Amino acid sequence: MWVLAIVNEKGGSAKTTTAVNLAAALAEIGRRVLVVDLDAQANASLWLGVNDEGQDLLEVLLGQRAIDDAIRPAPSLAGVDVLPASRRLGNLAGQVGWAEFPQGLLRERLTPLGERYDYVLLDGPRAVDLLSTNALVAAHGALVPLIPETLAYLGLVAMDAAIQSVRPVLNPTLEGPRVLRSRWEDRTLDARAVLAQTEAQFGPAIMRSVVRGDIAVRHAARAGRPVLAGTRSKAADDFRALAIEVEEWAGHTQGRSDA
Ligand SMILES: Nc1ncnc2c1ncn2[C@@H]1O[C@H](COP(=O)(O)OP(=O)(O)OP(=O)(O)O)[C@@H](O)[C@H]1O
Ligand SMILES: [Mg+2]
């Protein structure tokens, strides 16, 4: 089981789009995937066809419900399970005052899953907060989607700082941040400027895959299905390429016992 945190404190930087469509691309090549929705707005849960039924991540984190009772198959995406979020997740910080290791709750709750999944994708909130910290503590790798806007770049810088502070004490083997160019338009001035900054600061950490801006993504989101389920599109091809690169990163391509 390889856990990937998809994080950027900047809102609208393609975290949920990456989680849902990467899950679809990994499922397409036969991987077992769990998407954990760490955003109180529950966009990933809704996109995957799960509404709040009061059995969600908050209760799992608080130890009020076993993780198995909250995980469900995503009705709109075969081969993918979801651990949904709800608005109440926003109250987490106020409710875990008693916990000994509040940043480690998610990691602890995922442990009983053992090797049931090949990948667990964590869809992070638009913040650096207790939930995003839980994601970074639980993860093997951290992926930061970056849209070609200066504010998104600043979000990457903030996530890098968060990772640097979490790693030494709470998760020494965390890899990343790796940067995924998302909703990307190569030719624009903004994209060139953001890329130059990113290369200077994070050069080797930039993923080779690029998810191009594609109206098909918005259509798919509106229809509540992954872009891979629609007619052929640039973005679907890009997410398939991303899945291969994530497999290399996770080391699942080689040495899998159940491939
Ligand atoms: N490759 C793409 N092409 C076109 N539109 C995209 C692409 N990726 C994301 N978008 C659009 O950008 C918007 C923001 O994406 P998304 O919701 O995935 O971001 P987010 O980081 O999860 O946002 P939040 O911080 O609110 O959780 C959405 O409307 C989405 O459809
Ligand atoms: Mg989101």
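This is a predicted model: local features need pLDDT of at least 70, side-chain atom pairs count only at pLDDT 80 or more; totals for chains, interfaces and linings use all residues.
**Entry 1**

**Entry 1: who surrounds the ligand?**

I started with ligand 1. How many residues surround it? I get 17, and the closest are Lys 15, Thr 16, Thr 17, Arg 126 and Asp 214.

Then I sorted the shell by residue type. Eight of its residues are charged, six are polar and three are nonpolar.

**Entry 2: polar atoms up close**

I zoomed in on some N and O atoms around ligand 1. At Lys 15, an N or O atom of the side chain is 2.8 Å from an oxygen atom of the ligand. Gly 12 uses its backbone instead: an N or O atom there lies 2.9 Å from an oxygen atom of ligand 1. At Asp 214 a polar backbone atom is again involved, 2.9 Å from a nitrogen atom of the ligand. I noted that these pairs count as polar contacts because the cut-off is 3.5 Å.

How much of ligand 1 does the protein bury? On its own the ligand exposes 630 Å², and the protein buries 87% of that.

Where does ligand 1 sit? I found it in the largest pocket. The elements giving two or more residues to its shell are α1 (15-28), β8 (206-212) and α10 (215-223).

Away from the ligand question, I went through some backbone angles. The peptide bond from Gly 176 to Pro 177 is cis, with omega near 10 degrees. I placed Pro 177 in strand β7, residues 175-184.

Strand β7 also holds Arg 183. This residue is not a glycine, yet its phi is positive, about 45 degrees. Is Arg 183 buried or partly exposed? Its relative accessible area is 38%, so I call Arg 183 partly exposed.

Ala 42 turned up too, with a positive phi near 60 degrees in a residue other than glycine. I traced Ala 42 to the loop between β2 (33-37) and α2 (43-47). Buried or exposed? Ala 42 has a relative accessible area of 10%, so it is buried. The cut-off I used for buried is under 20%.

Notes
Residues are numbered from 1 along each chain as its sequence is written. Chains are lettered from A and ligands numbered from 1 in the order in which they are written. Side-chain values use heavy atoms; hydrogens and water are left out. A residue is near a molecule or strand if one of its heavy atoms lies within 4 Å of it. A polar contact is a pair of N or O atoms within 3.5 Å; within protein, one must be able to donate a hydrogen and the other to accept it, and residues adjacent in sequence count only if both atoms are side-chain atoms. Accessible areas come from the Shrake-Rupley method with a 1.4 Å probe; for residues, only the protein chains shown count as cover. On a 1 Å grid over the protein atoms alone, a cavity is a set of points where a 1.4 Å probe fits but cannot get out, and a pocket is an open set with protein on both sides within 12 Å along at least five of seven lines; lining residues have an atom within 4 Å of a point. A molecule sits in a cavity or pocket if more than half of its atoms lie within 2 Å of its grid points. Helices (H or I, at least four residues) and strands (E, at least two) are DSSP runs, numbered from the N terminus. Ala, Val, Leu, Ile, Met, Phe, Trp, Tyr, Cys and Pro count as nonpolar, Asp, Glu, Lys and Arg as charged, and the others, Gly among them, as polar. Buried means under 20% relative accessible area, exposed over 50%, partly exposed in between (1.4 Å probe, protein chains only).
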